[in-house]
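Please take me through the features of this structure one at a time.

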Amino acid sequence: MAATNEAKCKSKSVVDDLLQFLNASPTAFHAVDEAKKRLRSVGYEQVSEREDWKLEAGKKYFFTRNHSTVVAFAIGKKYVAGNGFHIVGAHTDSPCLKLKPVSKVSVHFYMILPTMSCRSVLFNLVQVTKGGYLEVGVQTYGGGLWHTWFDRDLTVAGRVIIKEQKNGSVSYIHRLVRVEDPIMRIPTLAIHLDRGADGFKVNTQSHLLPVLATSIKGELNKVVTKNDAQDDGETTESKSSPNNSKHHSLLLQLLADQLGCEPADICDFELQACDMQPSLVGGAQKEFIFSGRLDNLCMSFCSLKALIDSTSSQTSLEHETGVRMVALFDHEEVGSNSAQGAGSPAMLNALSRITNSFSSDSSLIEKAIQRSFLVSADMAHALHPNYMDKHEENHQPKLHGGLVIKSNANQRYATNAITSFIFRELAVNHNIPVQDFVVRNDMACGSTIGPILASGVGIRTVDVGAPQLSMHSIREMCATDDVNHSYEHFKAYYEEFSNLDQKITVDM
């Protein structure tokens with residue numbers, strides 16, 4: 001009984017930690033920032049890709065790229081160049097609505113102005129708000145269930161480039177921001193005005209426009225800002241932003257207030273709309289997690305925590321011959337083809353630089369890759385009770401059933417018999433449940449970073465993920481037990497892969 005209660009308390013602790021991670025991570029930038037804080041707190045040292053690396057066996061390091069991808073690694077005390085890397089890869093991004101480079105929505109028309117000559121007219125371009133509302137232009141990122149974004153309390157979060165002046169010199173810094181109030185909403189059309197519609201069809205260009213304010217209230221804010229500037233002895237020109245023509249001044253002022261700067265100091269930004277509702281545990285038996293961005297921050301968190309906890313004690317790396325690594329990439333939801341995506345050289349660069357830090361023999365990286373292993377961790381589709389025909393009858397992952405090993409004969413997943421056996425054997429040794437998934441033959445199959453890294457780097461790979469429902473909705477759900485199963489499975493992988501791999505013979 002005592003052991004059972006201890007296990008429950010440990011599981012609750014992992015779930016609570018996940019909720020904190022989710023609520024601190026409205027964007028990929030914030031997720032990486034949260035990861036950095038956790039890594040630094042347990043002794044991981046940040047290195048820069050722009051500098052030379054001086055690495056030591058038994059030490060722990062991490063680097064970021066674009067502040068939206070993070071790679072952390074712990075080098076075993078018995079590591080030598082050419083030994084393998086034990087990696088869990090996941091992604092930090094989720095489908096969302098991102099603000100356009102020109103987010104001020106307005107209607108344009110030409111006003112005809114008479115001239116002194118009867119033979120000529122002057123056309124003047126006029127911009128007005130739509131229906132008296134200040135709306136924010138957004139673009140869809142990834143394959144979201146966009147109807148779920150209607151009638152939600154929304155805010156904005158992301159990163160801002162700010163101009164700073166000190167001692168007569170100008171510099172530009174990157175700052176993260178999240179407006180803490182619900183400032184936007186995408187209202188649905190009343191059924192009374194759309195009775196002929198056959199279901200709710202979203203036009204992503206014209207329907208997905210968050211309302212920021214009414215234009216009359218927006219103008220009142222301009223008056224208040226102008227009066228405040230005059231009271232402070234400043235001209236409104238000194239406080240106005242060059243971005244006013246691209247973005248609503250009200251939005252810029254909200255960002256400036258949150259950042260503690262002037263609107264004119266905001267040079268550019270990457271922002272997205274975010275749901276204000278926090279992540280939480282729900283269900284009559286408190287068995288579910290209701291949250292946005294479970295795909296794929298749940299796997300990012302579980303792999304990160306497993307790496308941290310598997311390297312936390314003084315003796316954790318004493319007998320380790322390899323390098324334990326977690327790689328959390330951006331842009332998976334849009335194909336991974338970016339400088340910070342899994343399709344970039346980021347992974348291969350990291351493996352090469354670590355190997356070369358311990359030897360000048362450049363051929364050792366090839367040996368190291370063949371001794372390495374990647375767990376591609378991306379959330380999986382749980383069986384839906386209302387749509388059971390969407391799953392193949394012998395492959396129906398259940399909530400609470402543990403990590404799902406994903407297979408596809410057409411290599412949409414990188415799993416094969418060897419890699420699935422290794423991952424399954426770790427589960428057997430620790431009495432951790434595990435499940436299988438293949439897509440129906442009459443349905444298209446999604447993919448992950450697994451095949452991208454397997455083909456790009458040449459590393460053995462297994463594709464796995466915790467089961468969830470409502471994938472790509474603004475609010476998703478998974479099971480609390482699967483969070484703990486995932487964490488325990490990844491932790492066992494980090495701690496025991498080296499010994500297990502020595503017992504497996506394939507290309508001999």
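Q: Over which ring does the charged end of lysine 305 sit?
A: A charge sits over a ring if NZ of Lys or CZ of Arg is within 6 Å of the ring centre and within 35 degrees of the ring normal. The charged end of lysine 305 sits over the ring of tyrosine 487, 5.5 Å from its centre. Likewise, arginine 353 places its charged end over the ring of tryptophan 53, 4.3 Å from the centre. The model is predicted: local features need pLDDT of at least 70, side-chain atom pairs count only at pLDDT 80 or more, and totals for chains, interfaces and linings use all residues. Residues are numbered from 1 along each chain as its sequence is written, and side-chain values use heavy atoms, with hydrogens and water left out.

Q: How many aromatic pairs are there?
A: Rings of Phe, Tyr and Trp (its six-membered ring) pair if their centres lie within 6.5 Å; planes under 30 degrees apart count as stacked, over 60 as edge-to-face and the rest as tilted. The count comes to 12 aromatic pairs. In the pair of tyrosine 79 and phenylalanine 358, the ring centres are 5.1 Å apart and the planes stand at 80°, so this pair is edge-to-face. Tyrosine 79 lies in the loop between strand 3 and strand 4, and phenylalanine 358 in the loop between helix 7 and helix 8, 279 residues apart. Helices (H or I, at least four residues) and strands (E, at least two) are DSSP runs, numbered from the N terminus. Trp53, Tyr61, Phe63 and Phe73 form one aromatic cluster.

Q: Is tyrosine 79 buried or exposed?
A: Buried means under 20% relative accessible area, exposed over 50%, and partly exposed in between (1.4 Å probe, protein chains only). Tyrosine 79 has a relative accessible area of 4%, so this residue is buried. Phenylalanine 358, at 29%, is partly exposed.

Q: Which residues of helix 7 are buried, and what covers them?
A: In helix 7 (residues 346-356), the buried residues include Ala346, Met347, Ala350 and Leu351. Contact means heavy atoms within 4.5 Å. The cover of the buried residues includes strand 2 (60-65), strand 15 (323-329) and helix 10 (449-457).

Q: In what order do the strands of the open sheet run?
A: Two strands pair if DSSP finds at least two bridges between them. Here 5 strands form an open sheet in the order 13-14-22-21-17, with mixed pairing. Strand 13 (280-282) and strand 17 (380-381) are the edge strands, each pairing on one side only. Strand 13 pairs with strand 14 (residues 288-291) in the antiparallel sense over 3 bridges, and valine 281 stands opposite isoleucine 289 in strand 14.
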